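Dear colleague,

Please find below the sequence and structure that I am passing on to you.

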Amino acid sequence: MDPITDLFQTLRVEGVVHARLEATAPWGLKREANVAEGPAEGSAHSASSPFHFAHFGMISRGNCWLSVEGIPEALPLVGGDCFLLAPGSSYTLRDNPRTRPRSFCEVAPRREASQVIQYGGGGTPTTIVSGWFRFDPMSVKPLTRLLPSLILVRADRAQSLALNTTLSLLASEMAEQAPGSELVVNRLADVLFIQCLRAHIASRSEPCKSGWLRAVFDPQVGVALKSM
């Protein structure tokens, strides 16, 4: 068993909230780390701590800008780009860095069954397939130590093929409900989370050069971890 497999077998994903954002310019949505969002208001999950959620998304149409607390510059996202934000992250998605954002809570569907968020001023469209992983409280602490605030997988990166395939399947299940769709979505989300981490590790980006991820890929320490 490799260390990544060992890690994921100790984590407990309690559930997945999934949605499709259909936005038209101008639009902007923000999520503060100290405000719970994701599930519909009044649902059984809405009382969960926001620090138990990790947000994922794929730009399936159009483009947008992503701002993450702790990262100085806003990041441009285009079709096919995927991102994963660690639990407790504050971030903003919008059509333009100058657009004033509203809270996700203000525009999220009020009905538990609704999976489409429509928002914006009627201009250029952008579609984002997104969702929130809800973790067992005991899993959050090791996750925050392991994950950087943002994992960004660009569409032109070799490792993004499997990730985009999984997200496309997820989008299809969300768009056309069929018997067993909820189960399929949850299983795909598990796979998606692992693929995000694998793509991030394969990129050997700066956050991989410190902490636990650095240990996994150290020529000596990594071998020892795998043996253990």
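**The open sheet**

K30 has S103 in β8 as its bridge partner. The structure is a predicted model, in which local features need pLDDT of at least 70 and side-chain atom pairs count only at pLDDT 80 or more, while totals for chains, interfaces and linings use all residues. Residues are numbered from 1 along each chain as its sequence is written, and side-chain values use heavy atoms, with hydrogens and water left out.

Strands (E, at least two residues) and helices (H or I, at least four) are DSSP runs, numbered from the N terminus. Two strands pair if DSSP finds at least two bridges between them. β2 and β8 pair in the parallel sense, over 2 bridges. They belong to an open sheet of 5 strands with mixed pairing, in the order β5-β4-β7-β2-β8. Its edge strands, β5 (75-78) and β8 (102-103), each pair on one side only.

Which strands pair with β7? Strand β2 (residues 28-31) runs antiparallel to β7 and is joined to it by 4 bridges; here R31 stands opposite Y91. Strand β4 (residues 63-68) also pairs with β7 in the antiparallel sense, over 4 bridges, and W65 has R94 as its bridge partner.

Both faces of strand β7 (residues 91-94) are covered: Y91 and L93 on one side, and T92 and R94 on the other, are all buried. Buried means under 20% relative accessible area, exposed means over 50%, and partly exposed lies in between (1.4 Å probe, protein chains only).

S90 is found in the loop between β6 (82-85) and β7. S90 counts as buried, because its relative accessibility is 11%. Leaving aside residues up to four places away in sequence, S90 touches R31, E32, A33, S67, V68 and E69, where contact means heavy atoms within 4.5 Å.

**Aromatic rings**

A pair of aromatic rings is described by the distance of the centres and the angle of the planes. Rings of Phe, Tyr and Trp (its six-membered ring) pair if their centres lie within 6.5 Å; planes under 30 degrees apart count as stacked, over 60 as edge-to-face and the rest as tilted. A search of the whole structure finds 2 aromatic pairs. The ring centres of F104 and W132 are 6.2 Å apart and their planes stand at 90°, so this pair is edge-to-face. The pair links distant parts of the chain, 28 residues apart: F104 is in helix α2 (residues 104-107) and W132 in strand β10 (residues 125-135). Both F104 and W132 are buried. Ring pairs link Y91, F104 and W132 into a cluster.

**Nonpolar cores**

In soluble globular proteins, nonpolar side chains tend to be buried together. A nonpolar core is a set of buried Ala, Val, Leu, Ile, Met, Phe, Trp, Tyr and Cys residues joined through side-chain atoms within 4.5 Å. The largest one has 26 residues, of which L84, F133, L147, L167 and L192 touch the most other members. α5 gives the most to this core, with 9 residues. Another core, of 25 residues, lies apart from it and includes V17, C64, Y119 and W132.

**Salt bridges**

The structure contains 4 salt bridges, each a side-chain nitrogen of Lys or Arg within 4 Å of a carboxyl oxygen of Asp or Glu. In one of them, the closest N and O atoms of D81 and R154 are 2.7 Å apart. D81 lies in the loop between β5 and β6 and R154 in the loop between β11 and α4, so the pair ties together parts that are 73 residues apart in sequence. D81 is buried, at 1% relative accessibility, whereas R154 is partly exposed, at 23%.

E106 and R102 also meet through their side chains in a salt bridge (3.0 Å, N to O). Salt bridges that share partners join R20, E22 and R61 into one network. Within it, the side chains of R20 and E22 meet at 2.8 Å, N to O.

**Cysteines**

How many disulfides does the structure hold? There are 0, a disulfide being a pair of cysteine sulfur atoms within 2.5 Å. The sulfur of C82 is 6.7 Å from the closest cysteine sulfur, that of C196, which is too far for a bond. C82 is buried, at 1% relative accessibility, whereas C105 is partly exposed, at 25%.

With kind regards
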